[in-house]
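Hi,

Here is the structure I promised to pass on. Have a look at it first, and then read on for what turned up.

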Amino acid sequence: MSVPNIELNDGHSIPQLGFGVFQIDPEETARAVSVALDVGYRHIDTAEMYGNEKGVGEAIRASGLNRGDVYVTSKLNNGFHEPDEARRAFDRTLTELGFEYVDLFLIHWPLPTLYDGDFVSTWKTLEEFKADGRSRSIGVSNFQVEHLERLAAETDTVPAANQIELHPYLQNREVRSYDEEEGIATEAWSPIAQGEVLDDPVVTEIAEKVGRTHAQVVLRWQVQHGNIVFPKSVTPERIRENFEIFDFELEPGDVERIDGLDRGEAGRTGPNPDQFAYVP
Ligand SMILES: NC(=O)c1ccc[n+]([C@@H]2O[C@H](COP(=O)([O-])OP(=O)(O)OC[C@H]3O[C@@H](n4cnc5c(N)ncnc54)[C@H](OP(=O)(O)O)[C@@H]3O)[C@@H](O)[C@H]2O)c1
């Protein structure tokens, strides 16, 4: 099974399918990531907030793969937006992972109600990490259109990626279109809505018709829209199942039926980025 690469606006590329490690216990992370690497995943999405960067690094080293063969993303935690704090946090991320660089480093949340709404200085600090080569690409997460517009007006670097909640019940079309127009890759977090969309009758019907699992149908819908996904699972059979989505295709009519499941804001499962102000 070969996973397509998506070209980023800075000349780097990212595997369209990866493995997410949110809510995996630190003690269990190395094992889960090892299973994923065995299956063939070459892209891991972690964050300082998840507390498991160390396990990600351990599994990659234990796999015997070259560092350059695995795409690694991490994220700046909410307590560290102030530039000096961000610099220290990024150093800690590299230490935890045990790597000299990450492939992609993101501002985890914009936190527009904290730090006087100043995510711009935070972004300028990430520009330093890109300039010194310790983050090959830099991007953001949970940024709304107005946040992206501010970065465009006040800084020199367009984010390579914007990682947002996106699944059949919250299709986040406004942000998705802005990303596309501005050359920002969209990464869809909670791509199967943590399982909530899997029992939808439309998904069930399509899965029966194409002879695939519900999760495979939803993940296939994501990749046919060009989104980057990294489903999380600690279950080896599911880790494998979620990887097997590049040997079939949904017909346009089935893609449209899933498009029709959008519930807008009512479909959101996580926090609203305009209000979210949690500092761990
Ligand atoms: N930037 C952000 O703010 C943000 C926020 C949330 C997530 N993320 C990223 O996005 C990744 C994925 O999102 P997520 O972890 O929230 O949710 P998700 O990938 O949509 O769903 C994970 C849940 O679905 C279950 N599952 C996985 N594969 C399945 C399958 N084939 N059949 C049935 N159930 C299945 C998992 O159970 P088991 O593990 O028990 O198998 C787990 O409970 C995260 O790991 C993280 O990397 C980013």
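T73 stands opposite L104 in β6. Strands here are DSSP E runs of at least two residues, helices are H or I runs of at least four, and both are numbered from the N terminus. Two strands count as paired if DSSP finds at least two bridges between them.

Before going further, a word on the source: this is a predicted model, where local features need pLDDT of at least 70 and side-chain atom pairs count only at pLDDT 80 or more, while totals for chains, interfaces and linings use all residues. Residues are numbered from 1 along each chain as its sequence is written, and side-chain values use heavy atoms, with hydrogens and water left out.

Back to the sheet. It is open, has 8 strands with parallel pairing, and runs in the order β3-β4-β5-β6-β7-β8-β9-β10. The edges are β3 (19-20) and β10 (228-229); each has a single partner strand, so one side of each has no neighbour in the sheet.

Next, a pair of helices. The axes of α8 (residues 214-224) and α10 (residues 252-259) come within 11 Å and cross at roughly 100 degrees. (Axes are lines fitted to C-alpha atoms, for helices over the stretch in contact, with angles from 0 to 180 degrees between N-to-C directions.) α8 and α10 are therefore roughly perpendicular, a label for angles of 65 to 115 degrees. Where do they touch? V217, W221 and Q224 in α8 meet V255, I258 and D259 in α10, with contact meaning heavy atoms within 4.5 Å. These residues divide into 4 nonpolar, 1 polar and 1 charged. (Nonpolar covers Ala, Val, Leu, Ile, Met, Phe, Trp, Tyr, Cys and Pro; charged covers Asp, Glu, Lys and Arg; the others, Gly among them, are polar.)

The loop between β9 (185-189) and α7 (201-210) holds S190, and Q194 is in the loop between β9 and α7 too. Most residues other than glycine have a negative phi. S190, though, has a positive phi near 45 degrees, and Q194 has one near 50 degrees. Are they buried or exposed? S190 is buried at 14% relative accessible area, whereas Q194 is exposed at 54%. (Buried is under 20%, exposed over 50%, partly exposed in between, using a 1.4 Å probe and protein chains only.)

Finally, S34 sits in helix α1 (residues 26-39) and is partly exposed at 29%.

Cheers

Notes. Parallel < 35°, antiparallel > 145°, perpendicular 65-115°, else oblique.
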